[in-house]
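This briefing covers the sheets, the helices packed on them and a few individual residues. Please have the sequence and the coordinates at hand while reading.

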Amino acid sequence: MKKILVIEDNLEVRENITEILQLSSYEVITAEDGKVGVELALQQPPDLILCDIMMPGLDGYGVLHLLNKHIETYGIPFIFLTAKSEKGDLRRGMEMGADDYITKPFDVVELLSAIEVRLKKAESIKQSVIKSNNDITTFINNAKQTGHIQLTSEERELYDYKKKDMVYAEGQRPKAVYYIKNGKIKIYKSNEDGKELITAICSTGDFFGYTYILEEISYKENAKVLEDAELMLIPKDDFLSLISSDAQVARQFIKLITRNVLDKEENLLMLAYNSLRKKVAYQLIQVFEKFKNENSSSDAINISRENLAQTAGIATESLIRTLSDFKSEKLIDLQGSTITILNETKLRNLPF
């Protein structure tokens, strides 16, 4: 059952909308003003938000602005409710990212139709994202058949790397794309003081290092082995031949690059705007999602405290304290470097 949040200061209108949506088999949560609406959206992220524009205190524009600052609520379909006299102000809302608007008094069919269209579009985007989350690996495995270039081959030599071995360093010129046969690699940047920020963790089946070949620039990051790894090196020329040999393949590749950029932007927003607890919870979930396919029967993550702290951009001491808090709240269990998630739902929906 889809969940809809209705933010409307007029009690009669709010109750009328609630009744219509409940009769249409939607779960409805309501808020009498913008501030309460934002709090409810962050605590119980809905599938769609209906929000009045003109409200005392925090108006509809303010609600949309605040929700767009949080990963949990960014991108949720957002429909403005507006009086006819306010239609001239709608451009502002649409430029801020609203998906649609409904003029009051509204027709029931119009309301339900607008909601259905937005929910279907959101579901379509969600499925597209899930599909693309296989990322570069799925793309290349498919594209190599149409691009007439065999990227991975039994004839290509495999190279063994030990834990903490450097694969490449910032400033070096790229000569190959790397395919992970086994193991895990961390991609990270270092500041002048040597403090590291992990920007990506790659595991079995992933490709990495391709961006710098496409841009024809030196590496701006470092790649180091997290766990003993077996890597296949795909020569630069073979990789570029794949991209240039088929326009459709090239377009698909651009879409995947865009998805990777959006993922990094999402991660940066999380680092910038959220509390320490939410940062740690977010990174735990991200690492779990990354590795769960390797051992789907387990909710355990095996990663050092230092590396996990570097993914969240926080001090290791702060991470350890937060993990200890999570353990006492029975959200996780700790055994050495192994972290077991006990309550994923609560981790995903931590309050501020």
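The points below are grouped by topic, with each term defined where it comes up.

This is a predicted model, in which local features need pLDDT of at least 70 and side-chain atom pairs count only at pLDDT 80 or more, while totals for chains, interfaces and linings use all residues. Residues are numbered from 1 along each chain as its sequence is written, and side-chain values use heavy atoms, with hydrogens and water left out. Helices (H or I, at least four residues) and strands (E, at least two) are DSSP runs, numbered from the N terminus.

**The parallel sheet**

- Five strands in the order E2-E1-E3-E4-E5 make up an open sheet with parallel pairing; two strands count as paired if DSSP finds at least two bridges between them.
- Strand E2 (27–31) and strand E5 (100–104) are the edge strands, and each pairs on one side only.
- On average, neighbouring strands of this sheet are turned by 20° against each other, direction ignored. Axes are lines fitted to C-alpha atoms, for helices over the stretch in contact, and angles run from 0 to 180 degrees between N-to-C directions.
- Strand E1 (residues 3–7) runs parallel to strand E3 (residues 48–52), joined by four bridges, and E1 is also joined to E2, again in parallel, by five bridges.
- Val 6 stands opposite Leu 50 in E3 and opposite Thr 30 in E2.
- In E1, five of five residues are buried, where buried means under 20% relative accessible area, exposed over 50%, and partly exposed in between (1.4 Å probe, protein chains only).
- In a regular strand the side chains alternate between the two faces of the sheet.
- Lys 3, Leu 5 and Ile 7 point one way from E1, Ile 4 and Val 6 point the other way, and all are buried.

**Helices H2 and H3**

- H2 lies across E1, E2 and E3 and runs at about 160° to E1.
- H3 packs on the sheet too, touching E1, E3 and strand E4 (78–83), and its direction makes about 170° with that of E4.
- The axes of helix H2 (residues 34–43) and helix H3 (residues 60–67) come within 9 Å and cross at roughly 25°.
- That crossing makes H2 roughly parallel to H3; angles under 35 degrees count as roughly parallel, over 145 as roughly antiparallel, 65 to 115 as roughly perpendicular and the rest as oblique.
- H2 passes H3 in a right-handed crossing. A crossing is right-handed if the near helix is turned clockwise from the far one by less than a right angle, and left-handed if anticlockwise.
- Gly 34, Val 38 and Ala 41 of H2 and Val 63, Leu 66 and Leu 67 of H3 make the contact, which means heavy atoms within 4.5 Å.
- The residues of this contact divide into five nonpolar, one polar and no charged. Ala, Val, Leu, Ile, Met, Phe, Trp, Tyr, Cys and Pro count as nonpolar, Asp, Glu, Lys and Arg as charged, and the others, Gly among them, as polar.

**Val 63**

- Val 63 is in helix H3 and, at 0% relative accessibility, counts as buried.
- Not counting residues up to four places away in sequence, Val 63 touches Ile 7, Gly 34, Val 38, Cys 51, Met 55, Leu 58 and Phe 78.
- The C-alpha atoms of Val 63 and Asp 52, eleven residues apart along the chain, are separated by 9.7 Å.

- Strand E8 (residues 176–190) and strand E9 (residues 196–203) run antiparallel and are joined by seven bridges.
- Tyr 188 has Ile 198 as its bridge partner in E9.
- The hairpin of E8 and E9 has five residues between the strands, and Gly 194 takes a positive phi near 85° there.
- Gln 310 lies in helix H11 (residues 305–312) and counts as buried at 9% relative accessibility.
- Gln 310 touches Lys 186, Glu 196, Leu 197 and Ile 198, not counting residues up to four places away in sequence.

**The antiparallel sheet**

- Three strands in the order E12-E14-E13 form an open sheet with antiparallel pairing.
- Strand E12 (300–302) and strand E13 (332–335) stand at the edges with a single partner strand each, so one side of each is left without a neighbour in the sheet.
- E12 and strand E14 (residues 338–341) pair in the antiparallel sense over three bridges, and Ala 300 stands opposite Thr 340 in E14.
- Helix H10 (residues 276–291) packs on this sheet, touching E12, E13 and E14, and its direction makes about 95° with that of E14.
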